[in-house]
2 protein chains.
Amino acid sequence: MNGARSGFFLVVDGPDGAGKTTLVKRLVARLRDVGIDPLDVRQPGGTPLAELARTAALDPQYEASPLAELFLMLAARADQVAKVIRPALEAGRVVVSDRYDLATHAYQIEGRRLPRDRVVEANALATDGLRPDLTIVLDVPAEEGLRRQAHDGKAPDRIEREGREWHERVAQVFRRAAGPGVVHIDAVRSPDDVAQAAWDIVQVHLAETFGRGTG
Amino acid sequence: MNGARSGFFLVVDGPDGAGKTTLVKRLVARLRDVGIDPLDVRQPGGTPLAELARTAALDPQYEASPLAELFLMLAARADQVAKVIRPALEAGRVVVSDRYDLATHAYQIEGRRLPRDRVVEANALATDGLRPDLTIVLDVPAEEGLRRQAHDGKAPDRIEREGREWHERVAQVFRRAAGPGVVHIDAVRSPDDVAQAAWDIVQVHLAETFGRGTG
């Protein structure tokens, strides 16, 4: 079912509180500065169905079982990939996503201890095989991420309510993530330093993909 | 993760309009008549999360993509199996469910033409391997089922809005369903005749499971 692709799919991922949302905003601004009109999205979310699935998965009132949480995340991802991300890539756009499937490895496989092979298969079905061109992983110790989260004023969701040991296991998945197109950035630095390091990497990959400089 | 089981898991499935809901009610009454207190459930549904997932999958306003529809159905099933069905079976109860995973073969694999092997795997993950002890399939021609549906006064959901050819393909999956514990009943007969035929079958299976007569 994969259609032709000509855009660039950039994912920013990492533990809660790592600074993903801030970095996505900075990268979008940098891309605009060089004349690129990116589409920025977040997961789970981005379509009415995906936002509803996000609520069902994360709002404590629904007490999602671990498998229900997984399948709601996959429903949200499937809907957004089919309706938003893949069409944008096929139209040649740069898509910047706050989280993608690395988060499923961290939170559902490691955090919830669901069976790895079957979850990986189910995720491949949900994404219809769509892989990021580049995944930037923000590395922060779980404790630092949780400390930053505590200052944002919102009530914690089901995942944020988990304990420190749980978040440390999750953070390790992000720290150890490796593979084609996966790069790590030390996110214990200032947002300016993180954004500059990420932009240096993005420029190289965009130039390789589109065959021209962007800086 | 499978816990010990001592109850009996009975599923009634078939095309829309086959008379599943009526038959479940009749079977529940018959079971009560012989001193059994069954738990009756419907899929998708049965927990607050599963009802929300059902809405997202079936309400036309959410325009679920085929894969999102699948994963919402699996989220609903996973949540209900974990919180309601498996605990009831482990407590020794008879569970009567209006639909289970045969419906996924019919509507999502055949109707939406999703890849069979991957969907079967994802479903096995969602159910944590829980199989019905007995599945009663109500056989009606798609046209007869659709005609009956047209008289129930509710607005059609996303699946009910599909055309006759689509429902005919779906009905064929139900007609051809076979395997351990799958039995078919001709549902073009009166509700009384259908209920009696189903009860005759259920009694035999319950006696085999619980080692005593129920009639």
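Good morning. In chain B, 5 strands form an open, parallel sheet in the order β2-β3-β1-β4-β5. At its edges stand β2 (39-42) and β5 (182-186) of chain B, each with a single partner strand, so one side of each has no neighbour in the sheet. On average, neighbouring strands of this sheet are turned by 20 degrees against each other, direction ignored.

A word on conventions. This is a predicted model, in which local features need pLDDT of at least 70 and side-chain atom pairs count only at pLDDT 80 or more, while totals for chains, interfaces and linings use all residues. Residues are numbered from 1 along each chain as its sequence is written, chains are lettered from A and ligands numbered from 1 in the order in which they are written, and side-chain values use heavy atoms, with hydrogens and water left out. Helices (H or I, at least four residues) and strands (E, at least two) are DSSP runs, numbered from the N terminus; two strands pair if DSSP finds at least two bridges between them.

Within the sheet of chain B, strand β1 (residues 8-13) and strand β3 (residues 94-98) pair in the parallel sense over 5 bridges, and B:F9 stands opposite B:V95 in β3(B). Helix α7 (residues 164-176) of chain B packs on the sheet, touching β1, β4 (134-139) and β5 of chain B, and its direction makes about 135 degrees with that of β4(B). Such angles run from 0 to 180 degrees between N-to-C directions, with axes fitted to C-alpha atoms, for helices over the stretch in contact.

I turn to strand β1 (residues 8-13) of chain A. How many of its 6 residues are buried? The count is 6 of 6, where buried means under 20% relative accessible area, exposed over 50% and partly exposed in between (1.4 Å probe, protein chains only). A:F8, A:L10 and A:V12 point one way from β1(A), and A:F9, A:V11 and A:D13 the other way. In a regular strand, side chains alternate between the two faces of the sheet. On one side, 5 bridges join β1(A) to strand β3 (residues 94-98) of chain A in parallel, with A:V12 opposite A:D98. β1(A) also pairs with strand β4 (residues 134-139) of chain A, in the parallel sense over 4 bridges, and there A:V11 stands opposite A:T135.

Next, the relation between the chains. A rotation of 180 degrees with 0.0 Å of shift along its axis superposes chain B on chain A (RMSD 0.0 Å), by least squares on the C-alpha atoms of residues with pLDDT of at least 70 in both. The two copies are thus related as by a two-fold rotation axis. The same surface serves both: 96% of the contact residues of chain B recur in chain A, contact meaning heavy atoms within 4.5 Å.

Where do the two chains meet? Helix α5 (residues 116-127) of chain A and helix α3 (residues 66-90) of chain B pack at about 145 degrees, with their axes 9 Å apart. There A:A122, A:L125 and A:A126 meet B:L67, B:L70 and B:F71.

Finally, A:L72. Leaving aside neighbours within four places in sequence, A:L72 is in contact with A:A53, A:A56, A:A57, B:L49, B:A53, B:L72 and B:A75. Thank you.
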